[in-house]
Each structure stands twice: as C-alpha cells, then as structure tokens.
Amino acid sequence: MKGKKSYAFFLLIILGASVLLLSLSYAKESMKGKENKGESIEKADLRIVCSSTCTKVKTNEETTFAITNLMTEARTLALWISPINQEEEIKVFLNGNEQLNLQNPILWEFSSFGEVNDFKNFTILIKSEKKTEYNIKIEDYEEKNTLLNAIKIDDNIYQEKGNYYYYGENPSNYILYNDSLYQIIGIIEEDIKLISPVLGLGTYKEENNYATLKDYQKSFGKEDFVIEDALSYKSWMTGEKGFWLKDQENNLAYYASKYDGIEKSVKYVDLYIREVVSIKKDTLLLKGEGTIENPYEVVYESE
Amino acid sequence: MKASNILKKQIIIEIIALFFLIGCLLYSYLAITKKEQNVKEKNGIVMVLDDTAFKKIEPLSDGKGFQTDKITYTITNNSKEIKEYNIIVKFKTSDDTLLNHIKVGIDGLYAYSLNDLEKKENGYILTTNRLEQGFTKVHVFQYWLDNSQNKEISKEEIELSYELEE
C-alpha cells in the first residue's frame with residue numbers, strides 16, 4: 001500500500017513537471033502579439049492577394065488586389081462589383097480613376113505565367129454615404145453573344161446612370177419582334193425596351209403601354225434636354241405621325257410629333273399608337289446588325 | 001511473483017514518464033533560451049529579419065517573381081503608442097547598373113522597379129506603415145531582375161541591409 005502511494009506520488013510529480021515545462025515553452029512561443037494581415041487565395045490558376053479580404057470591399061476603405069495568372073496561356077479576367085443599385089449614390093475608383101460604367105465588368109488582359117504582364121495590381125475605393133460592403137468577383141471573362149452587348153458597344157448609345165439609350169436620327173436599332181420591325185429604345189432599368197411601329201389610330205388609354213416622355217427625350221441624345229428642343233433637334237423616334245406618350249399633366253396626355261414637337265392633348269382625340277414592350281437583358285442575339293435591311297434577330301424566352 | 005510483476009510494470013511506467021520529462025526539459029530549454037537571429041529593438045519596436053531563404057536574384061516575370069524566396073521582416077510594436085515607420089533597404093554591389101534592373105515585390109501586393117521607390121540615406125524606402133500598440137506586422141520582400149537581364153546575382157554578390165526609420 002505504501003509502495004503504491006509512493007509510485008503514484010512520483011508519477012504525479014513527473015507528469016506535473018512535464019505539463020508545467022510544456023506550458024512555459026508554449027507561452028514563450030506564442031508571445032508574438034496580435035497580427036494584422038490580408039488574405040491570399042489560389043483558385044482556377046489564379047493567385048489573388050489582397051490587403052484585406054478578397055471577396056468583399058467595404059465602402060470608403062481602399063483595398064489593394066494583386067493578381068497573378070498561373071496558367072501557361074493568356075487570358076482575360078473580369079472584375080465584377082455587386083450589387084449595384086441604381087438608386088444608391090456610389091462612386092467607384094480604380095487606381096484613383098472614377099469608373100463611370102458600373103454595369104460592365106472591369107477587364108484586364110494577362111499574358112501567360114512567366115511572361116511580361118502575368119501580374120497586375122490595383123486598388124478599389126467605393127465612396128458612399130452608407131457604411132456597407134460590396135461583393136467582389138474575379139473570373140475569366142466570357143463574352144456571350146447577347147443583344148445587350150451589341151447595344152452597349154453601338155456608336156449611337158447615350159449612357160446615363162446605368163441606362164443606355166439609342167439616340168440620333170438613324171441608329172441601327174431595328175429588331176424583329178412578333179414578325180414586325182420594332183425599334184430598340186435602349187436598356188432601361190435592367191430590361192431592353194422596344195417600341196413598335198405605328199399600330200393604328202386611337203384615343204389615349206391608360207392601360208396601353210406607350211413610350212414615356214423620358215424615353216422620347218433621351219432619344220435626342222442631348223444633355224439638359226428641354227421640351228422646346230424637340231423641334232430643334234432630331235430623334236429616330238420621331239415619325240411622320242404624332243403618337244401618344246405615357247405621361248400626363250392636368251388630365252392632358254403628352255404626344256410626340258414631328259411638327260408640334262412635344263405637346264399635350266385631350267385624351268379623346270385620335271392619335272397614333274406605338275406599343276412599348278420589354279425583353280430580358282440576357283436575350284441571346286442570333287444575327288443581324290440592327291439596320292432596317294438587316295435587323296437584329298434574337299431568341300425570345302418562349303422559344 | 002504477482003507483486004514482482006506489478007512492481008515491474010510500475011518501474012516501466014516511471015521510466016517512460018521520466019523520459020517524457022527529460023524530453024520536455026530539453027524542449028523547454030531550447031524554446032526558452034533560443035536566441036532569434038537578426039533581432040533588433042528600438043524605442044519599443046522589435047524587428048526580426050529572416051533572410052535565410054534568400055539565395056539569389058534572377059530574371060523573372062512579375063508573376064514568377066512573387067514565387068521566389070521570401071525575406072520576412074517582422075515588426076512588433078511593444079510600446080505604448082502608435083508607431084509610424086519606414087523600412088529602408090540598402091544594396092551593396094560591385095555593379096551599380098544592376099540596380100536599374102532589380103524589381104522588388106512587397107507583401108505580395110506590389111511590384112516596383114527599384115528606381116520607382118523613394119530614395120533615402122543611400123537606400124530605398126520599401127514600405128511606410130503605421131502600427132498600433134501591441135500589434136505585429138510581417139512584411140515580405142522578394143527580389144528579381146526584369147526580363148531584359150540574362151544573368152542572375154547570387155546572395156554573396158549583393159549585400160542587402162535593412163533599417164527601420166521612425
């Protein structure tokens with residue numbers, strides 16, 4: 001019994017001493033202080049190093065990204081910032097330069113790993129009155145053949161706050177819709193808006209979908225447009241025949257006319273009707289150039 | 001006989017425990033008495049330089065340059081106030097024209113030609129930072145030559161020294 005007690009006692013001493021020594025050593029090794037560091041990720045043959053996190057950017061805090069293409073072939077990368085809310089006032093700066101078009105990604109060309117230009121770095125700063133975060137996505141850029149892309153690169157496009165409007169006297173904005181030749185107003189509020197040719201005469205009806213006064217004004221492509229400008233400038237939407245617009249004032253409805261410009265009328269008279277429809281912005285483009293001889297042909301959702 | 005077997009087991013266990021204790025003693029001795037190489041302290045800032053991995057500077061693209069041997073410079077602010085500092089690197093080489101072709105990678109984020117960096121006291125400012133009390137920052141520096149060069153420089157041919165300036 002006595003022997004058993006001694007054995008247990010000595011074992012306890014030995015193990016206790018061991019634990020104490022290990023604790024002292026561990027304490028010494030961990031005395032490094034708090035460390036602040038960024039993030040580094042490798043995915044899809046890309047190495048991305050960031051001064052904070054690589055997938056989110058906080059507003060009003062500059063973040064630096066460094067990207068290396070690890071593939072043995074050249075590639076184009078796209079940087080997407082989301083969500084972009086049209087209603088929010090934000091400014092995005094890339095390397096100190098303001099980015100005006102926030103709907104499109106920022107693109108970079110990379111050469112293959114080991115060649116000059118296999119590495120790029122940049123800083124992003126999103127200025128906003130709100131304290132929030134935006135998502136950052138960096139991926140290979142795939143150019144899809146969509147109507148949206150065709151519109152955005154057109155020479156006769158006027159861009160304002162994320163919306164795109166065709167302007168001018170004769171842009172290439174013709175499109176086949178319902179076996180008729182419609183025209184594209186532009187990309188407005190995330191959809192592509194089309195306007196029909198004249199469909200007939202009729203009085204103003206609330207339930208009809210006419211072009212808005214704003215749609216018509218933007219088709220002139222003039223900043224600070226005033227109603228009087230409709231007679232001084234040219235628009236592709238102005239036809240020989242006056243047609244109803246959606247907006248009203250004092251129970252009078254607006255209409256657009258080559259001879260009257262933009263005017264208001266009582267609703268019970270007959271004016272020409274042009275219908276407005278919206279199609280999805282990811283509508284695929286089959287063929288065409290948007291000219292009247294070679295209009296765009298697209299894949300509509302029901303097909 | 002039975003008691004003898006029990007005693008044997010106890011002795012074996014005690015021996016194993018003793019060996020374990022000796023091992024802990026050795027580990028603790030090494031951990032506690034280990035002296036860091038290249039450790040300096042100045043006004044409450046501890047700086048530890050580790051350039052043991054650095055062997056040479058060779059012609060590489062920027063992407064490959066960031067995969068080359070790293071030199072780490074760990075700064076710990078043990079003072080009671082926020083510290084702002086510059087890290088300055090000085091080169092000593094028999095051929096100064098080489099300096100025009102050296103590129104430096106900083107913290108995996110920035111790639112500069114040496115000539116792009118601000119010069120100070122016969123050296124180049126690699127980075128300027130601000131460190132709060134109790135915080136540690138690890139800086140990583142990498143060196144390579146731009147693609148116009150076709151030879152490498154060994155560690156012995158080029159002497160690098162670092163200074164911390166507040």
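**Notebook: a predicted complex of chains A and B**

Lys120(B) has Gly123(B) as its bridge partner in S9(B). The two strands make a hairpin, with 2 residues between them. I checked the turn. Glu121(B) sits there with a positive phi of about 45°. Most residues other than glycine have a negative phi.

Chain B has an average pLDDT of 86, and 94% of its residues score at least 70. For the complex, the predictor reports an ipTM of 0.73 and a pTM of 0.57.

**Entry: the sheet around S9(B)**

I followed S9(B) to its other partner. Strand S5 (residues 83-93) of chain B pairs with strand S9 (residues 123-131) in the antiparallel sense, over 7 bridges. Ile88(B) is bridged to Ile125(B) in S9(B). Asn86(B) is bridged to Thr128(B) in S9(B).

Then I wrote down the whole sheet. It is open, has 4 strands in the order S8-S9-S5-S12 of chain B, and pairs antiparallel. S8 and strand S12 (158-165) of chain B are the edge strands, each pairing on one side only.

**Entry: where chain B meets chain A**

I looked at the interface next. Here 29 residues of chain B are in contact with 32 residues of chain A. On the chain B side, helix H1 (2-33), helix H2 (62-65), strand S7 (110-113) and strand S10 (135-145) each give two or more residues. Which of these elements gives the most? H1(B) does, with 13 residues. By type, the chain B side divides into 16 nonpolar, 9 polar and 4 charged residues.

**Entry: chain A overall**

I turned to chain A. Its secondary structure comes to 3 helices and 24 strands. Of its 303 residues, 26% count as buried. I also checked contact range. Among contacts in chain A with a separation of 6 or more, 60% are between residues 24 or more positions apart.

**Entry: the six-stranded sheet of chain A**

I traced an open sheet of 6 strands, in the order S2-S3-S5-S10-S7-S8 of chain A, with antiparallel pairing. Strand S2 (39-43) and strand S8 (97-99) of chain A stand at the edges; each has a single partner strand, so one side of each is left without a neighbour in the sheet. On average, neighbouring strands of this sheet are turned by 25° against each other, direction ignored.

I then took one residue in it, Lys91(A). Lys91(A) lies in strand S7 (residues 90-94) of chain A. S7(A) runs antiparallel to strand S10 (residues 119-128) of chain A, and 5 bridges join them. Lys91(A) stands opposite Lys127(A) in S10(A). Beyond residues up to four places away in sequence, Lys91(A) touches Glu98(A) and Lys127(A). Is Lys91(A) buried or exposed? Lys91(A) is exposed, because 12 other C-beta atoms lie within 10 Å and a residue with 12 or fewer counts as exposed. I also noted Thr59(A), which is 32 residues from Lys91(A) in sequence and 9.7 Å from it in space, C-alpha to C-alpha.

**Entry: two loops with positive phi**

Asp45(A) is in the loop between S2 and strand S3 (46-50) of chain A, and its phi is near 60°. Asp45(A) is partly exposed, with 14 other C-beta atoms within 10 Å. Asn95(A) is in the loop between S7 and S8 of chain A, and its phi is near 55°. Asn95(A) is exposed, with 11 other C-beta atoms within 10 Å.

**Entry: nonpolar cores**

Last, I looked up the cores. The largest nonpolar core has 36 residues, and Ile175(A), Leu194(A), Trp244(A), Leu245(A) and Tyr255(A) have the most contacts inside it. Elements giving two or more residues to this core include helix H2 (147-152), strand S14 (174-177), strand S16 (191-195) and strand S18 (243-249) of chain A.

Terms used: Residues numbered from 1 in each chain as written. Chains lettered and ligands numbered in written order. Predicted model: local features only at pLDDT ≥ 70, side-chain atom pairs only at ≥ 80, totals over all residues. pLDDT = per-residue confidence, 0-100. Contact = placed C-beta atoms within 7 Å. Nonpolar A, V, L, I, M, F, W, Y, C, P; charged D, E, K, R; others polar. Buried ≥ 20, exposed ≤ 12 C-beta atoms within 10 Å, placed from the backbone. Pairing = 2+ DSSP bridges. Axes fitted to C-alpha atoms, helices over the stretch in contact; angles between N-to-C directions. Core = buried A, V, L, I, M, F, W, Y, C linked by C-beta atoms within 7 Å.
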